[in-house]
Amino acid sequence: MSSIILVVFASMQLLAQSPHGKELTVDCAQCHTSESWNVNIQTLKFNHNELTDFNLEGTHSEINCKECHTTLIFEEVQNQCISCHTDMHSASVGNDCARCHTAQNWNVDNIPELHEQNGFPLIGAHTSLNCVECHTSETNLRFDKLGNECVNCHQSDFNETINPNHTIADFSLNCTECHSAFDTTWSLGDFNHDKFPLTLGHDIQECKQCHKTNNFSDTSPECITCHQNDFNNSEIPNHTNAQFSTDCITCHTTNPDWTPANWNHDFYALNGAHAEISDDCVACHKPKYGTYDNTPTDCVGCHLEDFNSTTEPNHSASNFSTDCTYCHTENSWTPSTFNHDSFPLTLGHDIDGCTQCHTTSNYADASPECVSCHLNDFNNSEIPNHTNAQFSTDCITCHTTNPDWTPANWNHDFYALNGAHAEISDDCVACHKPKYGTYDNTPTDCVGCHLEDFNSTTEPNHSASNFSTDCTYCHTENSWTPSTFNHDSFPLTLGHDIDDCTQCHTTSNYSDTSSECVSCHLNDFNTTSDPDHQNAGFSTECNACHTTGGWTPATFNHDFFPLTLGHDINDCKQCHTTSNYADVSPECVSCHLNDFNTTSDPDHQSAGFSTECTACHTTGGWTPATFDHDFFPLTLGHDINDCKQCHTTNNYADASPECVSCHLNDFNTTSDPDHQSAGFSTECNACHTTGGWTPATFDHDFFPLTLGHDINDCKQCHTTSNYADVSPECVSCHLNDFNTTSDPDHQSAGFSTECNACHTTGGWTPATFDHDFFPLTLGHDINDCKQCHTTSNYADASSECVSCHLNDFNTTSDPDHQSAGFSTECTACHTTGGWTPATFDHDFFPLTLGHDINDCKQCHITNNYADASPECVSCHLNDFNTTSDPDHQSAGFSTECTACHTTGGWTPATFDHDSQYFPIYSGKHQGEWDKCTDCHTTNNYATFSCIDCHEHSNKAEVDSDHRGENGYVYESNACYRCHPDGRD
């Protein structure tokens, strides 16, 4: 029975196989009915747009399926246009038909847009052209790519233009520099004449007025090339004689008729009277100077005669400056000014008649010294006699320029005259006595005048008291009395404020008196008995306790032993039991030893307390007392008022601060957990506080209890009473989890037994795995590990691309990866984003410009891409062989196209003629030729002619020049042999 079922099942499988290939997996009923395999368009349910990568639009929706699907294997049909439609354009516009055509019809509606995309918009005359007028070929449907440069089409227009001759004038090949692409004709040219702006008189519409030949570049931009005759014929002024610049713009603009003209006279500005003759150049630029450049610019150059003939004053004799601007302006000679700052003319010197001081015509003779005019005034002065007083002859020392010499001012600042001295300030001889001789010898110190007053004073005797001879020490300049004495060395306050100096100063010599208290009050000190100052050793310096207000009240600085609260005793004798107050000790025990010895609660002696009462007590009383228990803080459970609970003996020093000294029994009897077995510290504060045994804390940071490990019941992990037995390794608890995990099998895969490598304490899932050694991005971002790890041993999976994608590599035919020798390392061309788009490093043969072809098959014509050669001639041999202008084969040109061409197109091309053959871009032949055919007279550029152009065409003349030259022949190859560098 089982065999029958197997046969039936196999038959069903065979019958169910689709004839349309593996890729078409849709239900047959989408196209067929149960009645027949024929496809009825009316009942067809297959949606080509949704189920395939090719939408049926336009004419594609109207054709029969078989026109595209020629076999039943539908997947064999390609979706590129070129797979169905023959390229009528001979590969000249690529194989993407949709760039120009639509599925509606073959008409092209976007020609302007296509040209804009290629960088050549159809504007102006280009809008009306037919395609084949530019894209010429054997067929009207092949549109070979043209260059976007004007000259690619208009070279012949350029060469044939003779008015002007564009070639000779070396005009640019870029037509748009002169012509507009928007115009429909060449006539409306717009030439950029900025290098020589055509303004005003130069704004000439007819080019030939300036450009006399067809070669417009012959015309020079220099003014003189057109205006030499105007320059030579100018008379006012004569430009030639004046040696003016031939550069007209130095003085003229492009205004017609040369006016107005402007000469830059900034080097000598024409102002005032000079401006009035600015139009009469010859008034200054006289013929005697020759050229205009020789005309002097300094005043005396024109006005020397005026200078020499002036007599009032005589400028020459007075040595006046020949720089007229020193006294005169450019307006006229008068009024004139003279800078008399060297001798200011103020007040009495403000004299209009210069000759009052300048008595000769040579004004330089007058001296600025006062005495040169006022010597007689100086000599005749009597009050005071200036000569005898040896006053300075420089009048300004005392006088101003005010007339009549008054007021006069003598600078007496060196000795100010104030008070009684000011009253005799007008009587100079009162101080400046004849006995001193000159005024300079008069003394300036007090004793110089008042020595007699000093010596004769007896109350007090100034000499005996050694008073200072500086009167200002006690007296003012107003009078001798009242006088003051600076007694700050011994202030006279209160009881010392005595008006009668003799009460203290008992002799006429005031300096004999001492400032020491005891010098006056020794008897008071010795006779004082309450307390006895002598026995107590008190200082004889009265102000230590007393003031000048009286002996009482008196103060004593007791800061060395402050008298506060209980010590604040007004009766000194309570502590000072003898008359010698110095006998008393400041130590507490000196008074309170009995109190210390008799105290029993606690016993101070047994406890070893300090005899320094202030350690626990204040001066306020014995109680309340304090004890510094900071070495063992009494907080919470330890805050016990009864000291005896801890201090069990009278000697308080016996109590230990160690926890175990009180709590050893608590430690030993604790069983949950057993502190002894677990090896816990006997230092209770490691887990407990003084608040009580519970709650207790344990520093579990060496193994953090987070999430799934956050278990309040210690016994779940600590299965014995010895908590130290538990290991922190994951596997110590989770070995069974590790061994029994099969998805994936951790043991087979060789996973680490360190759970936290993939898991957290939050739970086994979600788990993470560091897949950075093979990043899972885009197409590799697969959540199902088994898609790649096909065995339970995940370590079996290889990271090489080909380990998964070998079949993809082997079956790829466009291109054939095996035949092309492509690398099996997919990442060389592909990303994890998908097989397409793919990239290929084509840097060994850069695809630029004309080589920038999207269709690889245009160059790689076989499935083996390695067959394509990078040599130019492998693709362009036909181009090389058929080129006739010049004939590349006959000329022996290299088949390496890049020697002359770029990938931008065959033209423009370059050829290094100077270094490879004969110099024509340098030396004597530079500019002597227009086109290659001037020398290469045939299509075979390997032949050339030296004797068909310029001076070498005259054989007789060339023969004459070479007469006597050995081996000379009038033949081009002979010319080249002797002159390979073009030199004589």
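**Exercise 1. Where is the place of Leu 494?**

Solution. Start with the model itself. It is predicted, so local features need pLDDT of at least 70 and side-chain atom pairs count only at pLDDT 80 or more, while totals for chains, interfaces and linings use all residues. Residues are numbered from 1 along each chain as its sequence is written, and side-chain values use heavy atoms, with hydrogens and water left out.

Step 1. Find the helices on either side. Leu 494 sits in the loop between α10 (446-456) and α11 (518-527). Helices (H or I, at least four residues) are DSSP runs, numbered from the N terminus.

Step 2. Check the backbone. Leu 494 is not a glycine, yet its phi is positive, near 50°.

Step 3. Check the surface. Leu 494 has a relative accessible area of 60%, so it is exposed. The cut-offs are under 20% for buried, over 50% for exposed, and in between for partly exposed (1.4 Å probe, protein chains only).

Step 4. Now take Leu 565. Its loop lies between α11 and α12. Phi is positive here too, about 50°, and Leu 565 is not a glycine. Leu 565 counts as exposed, at 60% relative accessibility.

**Exercise 2. Find the salt bridges and describe each one.**

Solution. Step 1. Side chains of opposite charge can pair when their charged atoms come close.

Step 1. Count. The whole structure holds two salt bridges.

Step 2. Take Lys 931 and Asp 934. Their N to O distance is 4.0 Å. Asp 934 has a relative accessible area of 27%, so it is partly exposed.

Step 3. Take Asp 959 and Lys 955. Here N to O is 2.8 Å. Both residues belong to helix α18 (residues 955-961), four residues apart, or about one turn of the helix. Asp 959 is partly exposed at 22%. Lys 955 is partly exposed at 42%.

**Exercise 3. Is His 32 buried or exposed, and what does it touch?**

Solution. Step 1. Locate His 32: the loop between α1 (2-15) and α2 (48-51).

Step 1. Read the accessibility. At 18%, His 32 is buried.

Step 2. List the contacts (heavy atoms within 4.5 Å). Beyond neighbours within four places in sequence, His 32 touches His 20, Trp 37, Asn 38 and Val 39. A polar atom of the His 32 side chain lies 2.5 Å from the backbone oxygen of Trp 37.

Step 3. Move on to Val 39. Val 39 is also in the loop between α1 and α2. Val 39 counts as partly exposed, at 45%.

**Exercise 4. Which residues make up the largest nonpolar core?**

Solution. Step 1. Recall the rule: buried Ala, Val, Leu, Ile, Met, Phe, Trp, Tyr and Cys residues, joined through side-chain atoms within 4.5 Å.

Step 1. Name the five members: Ile 224, Phe 231, Ala 242, Phe 244 and Tyr 292.

Step 2. Follow Tyr 292. Setting aside neighbours within four places in sequence, its contacts include Ala 242, Phe 244 and Pro 237.

**Exercise 5. Which residues does a cis peptide bond join?**

Solution. Step 1. Pro 624 lies in the loop between α12 (589-598) and α13 (660-669).

Step 1. Another joins Thr 765 and Pro 766, with omega about -5°. Pro 766 lies in the loop between α14 (731-740) and α15 (802-811).

Methods:
A salt bridge is a side-chain nitrogen of Lys or Arg within 4 Å of a carboxyl oxygen of Asp or Glu. Helices (H or I, at least four residues) and strands (E, at least two) are DSSP runs, numbered from the N terminus. A polar contact is a pair of N or O atoms within 3.5 Å; within protein, one must be able to donate a hydrogen and the other to accept it, and residues adjacent in sequence count only if both atoms are side-chain atoms.
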